Amino acid sequence: MQPRNMSMSGVVDLAAVKAAGEAKAKAEQARAEAARTGASGAVAPASLVIDVDEAGFERDVLQRSTEVPVVLDFWAEWCEPCKQLGPLLERLAVEYNGRFLLAKVDVDANQMLMQQFGIQGIPAVFAVVAGQVLPLFQGVAPEAQIRETLDQLIQVGEERFGLTGIMVDPDAGVAGAVPAEAPAGPYDALLEAAASALDANDFGGAIQAYKNVLTDDPANPEAKLGLAQAELLGRVQSMDPQAVRKEAADNPADVDAQIAAADLDLVGGHVEDAFGRLVEAVRRTAGDDRNTARLRLLELFEVIGPEDPRVTAARTALARVLF
């Protein structure tokens, strides 16, 4: 069976992003504590491949997915294609050196998980990123295609959710090995402060922290994404959703009403609705109102990410109504 196309760029869950930020902050604290005590938080390469069951799924997959993308390999002993794919995924997990974690699920022993994922055949491969489940492919895929899929997964994990992966020490568990300390990046403290503020619903503090990073590094992807999300959350926190939606429905020509409703749409995960609403607002209006709607739409594009196909489609629709 040919693998299904994957698209991780559409993953949008602001609560999950906040959870990832919290996990990152905790990981930084753990590294600082390890450095203080002389302990190492690194894992052995063998720990990059784990067996997962229903009882440990939340701990081993959902919780771990807030620090590293987790790839799920659904397999069975009697499945011949699984015997081809499994070793390849295990080899790549070690080769990628902590950029993703491979979790193997024996479907015969975990029927409930198989049903929950809606699996019709094996091998089937999924990913969990910051608590969000993504189908990758089913069947045996060429190694080059699997590598491309993994690269995209890792990129999304880093840019959208701030997932930094896990440190791997090839000497972990070996007597006499010297712990290695990961060097801190130039903006780690500011980004950690922003994530902490976001987790505390201090959106003003998070916005300022992200702006501080962007002052020195205007292209920083984590700060750009975080700023767009913090600004969005700050705008919607005091909204009355029912009142906002009624105002937008009663006044389709009111740009401010449509913008507020679009913000709620996006936070609720209705990405196409948010984009479509603002494209229509641009189409209906002119002058300052049109420019206001256009600029908000561009801001929402930043929340989702430029490579998301829904952003591409909305940009095309915007171009049609503008020109």
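## Aromatic pairs and a helix contact

Phe 57, Phe 74, Phe 117 and Phe 126 form one aromatic cluster. This description rests on a predicted model. In total, the structure holds six aromatic pairs. Two of them are set out below, each with its geometry.

| Aromatic pair | Centre to centre | Angle between planes | Type |
|---|---|---|---|
| Phe 117 and Phe 126 | 5.0 Å | 75 degrees | edge-to-face |
| Phe 275 and Phe 301 | 5.0 Å | 85 degrees | edge-to-face |

The angles explain the type, because planes over 60 degrees apart count as edge-to-face. Phe 117 and Phe 126 are both buried. Phe 275 and Phe 301 are buried as well.

The pair of Phe 275 and Phe 301 involves two helices. Phe 275 belongs to helix H11 (residues 271–284) and Phe 301 to helix H12 (residues 287–304), so the pair ties together parts that are 26 residues apart in sequence.

Helix H11 also meets helix H10 (residues 255–267): their axes come within 7 Å and cross at roughly 165 degrees. H10 is therefore roughly antiparallel to H11, since angles over 145 degrees count as roughly antiparallel. The crossing of these two helices, H10 and H11, is left-handed.

On the H10 side, the contact is made by Gln 258, Ile 259, Ala 261, Ala 262, Asp 265 and Leu 266. H11 contributes Val 271, Asp 273, Ala 274, Phe 275, Arg 277, Leu 278 and Ala 281. By kind, the residues of this contact divide into nine nonpolar, one polar and three charged.

Note on methods
Residues are numbered from 1 along each chain as its sequence is written. This is a predicted model: local features need pLDDT of at least 70, side-chain atom pairs count only at pLDDT 80 or more; totals for chains, interfaces and linings use all residues. Side-chain values use heavy atoms; hydrogens and water are left out. Rings of Phe, Tyr and Trp (its six-membered ring) pair if their centres lie within 6.5 Å; planes under 30 degrees apart count as stacked, over 60 as edge-to-face and the rest as tilted. Buried means under 20% relative accessible area, exposed over 50%, partly exposed in between (1.4 Å probe, protein chains only). Helices (H or I, at least four residues) and strands (E, at least two) are DSSP runs, numbered from the N terminus. Axes are lines fitted to C-alpha atoms, for helices over the stretch in contact, and angles run from 0 to 180 degrees between N-to-C directions. Angles under 35 degrees count as roughly parallel, over 145 as roughly antiparallel, 65 to 115 as roughly perpendicular and the rest as oblique. A crossing is left-handed if the near helix is turned anticlockwise from the far one by less than a right angle, and right-handed if clockwise. Contact means heavy atoms within 4.5 Å. Ala, Val, Leu, Ile, Met, Phe, Trp, Tyr, Cys and Pro count as nonpolar, Asp, Glu, Lys and Arg as charged, and the others, Gly among them, as polar.
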